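Hi,

Here's the structure I promised to pass on.

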Amino acid sequence: MRWALIVVAGLAALVLVCVVAGLLLPQSHVAARSARYRASPATVWAVITDVSAFSSWRPDVKKVELMSTPPAPPRWREIGERPITFEQVEVDPPNRMVVHIADASLPFGGGWSYELAPADGGGTTLNVTEHGEVYNPIFRFVSRFIIGHTASLDGYLRALGTKLGEQVTPIPGTPARQPKWAVSSPSRN
């Protein structure tokens, strides 16, 4: 019985440490990663903007539900670990695209800037910047110290490489300017 109390007390202390550490972390973060591809900017652009095909090359996306039709900006729901609704808020083909989470009920929010540039010697450099927010302090702790803010970016860039028939190694990227949606986005705690 004594050991059971010690284990329970230890787990409670661990959760308390995670909550306090999470409360001390900023709600918002910026992470940027980059990768170089042999494919042209037009080819890379075609892949990253073909929302309906995401589930064919992104392991984290099992299904995509399109929620808008042209001329409305693209809006879709990705079904993976949990359903998440996204919408495109800026586009400058084939150079820059910005999407953000359009679902205020989630314990996180934010968006991504995708910037493409011709690479020296041919190919494309894709820089992805995440302007993220994690509202729950426990999730904030896990995101920062266990998963890492760049894990999903690295997974995306590697999956894109696989789709394009090559292996890539993501490297630190240059953070993109803060998108318009992030400036006016209300903060939650």
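Which residue forms a salt bridge with Arg 33? It's Asp 154, and the closest N and O atoms are 2.6 Å apart. The two sit in distant parts of the chain, 121 residues apart, with Asp 154 in helix α5 (residues 151-163) and Arg 33 in strand β1 (residues 28-37). Asp 154 is buried at 10% relative accessible area, and Arg 33 is buried too, at 14%. Keep in mind that this is a predicted model.

The salt bridge count comes to nine. Another one pairs Glu 166 with Arg 38, at 3.8 Å between the closest N and O atoms. Glu 166 is in the loop between α5 and β8, and Arg 38 is in the loop between β1 and α2, so this pair ties together parts that are 128 residues apart in sequence. Here Glu 166 counts as buried at 9% relative accessibility, whereas Arg 38 is exposed at 63%.

Then there's Glu 87 with Arg 75, at 3.0 Å from N to O. That one links strand β4 (Glu 87) to strand β3 (Arg 75). Salt bridges with shared partners also join Arg 58, Asp 60 and Glu 78 into one network.

On to the strands. β5 and β6 run antiparallel, joined by five bridges, and they form a hairpin with six residues between them. Met 97 has Tyr 114 in β6 as its bridge partner. β6 also runs antiparallel to β7, with eleven bridges joining the two, and Leu 116 stands opposite Leu 126 in β7. In the β6-β7 hairpin, with five residues between the strands, Gly 121 takes a positive phi near 85°.

Cheers

Conventions
Residues are numbered from 1 along each chain as its sequence is written. This is a predicted model: local features need pLDDT of at least 70, side-chain atom pairs count only at pLDDT 80 or more; totals for chains, interfaces and linings use all residues. Side-chain values use heavy atoms; hydrogens and water are left out. Two strands pair if DSSP finds at least two bridges between them. Helices (H or I, at least four residues) and strands (E, at least two) are DSSP runs, numbered from the N terminus. A salt bridge is a side-chain nitrogen of Lys or Arg within 4 Å of a carboxyl oxygen of Asp or Glu. Buried means under 20% relative accessible area, exposed over 50%, partly exposed in between (1.4 Å probe, protein chains only).
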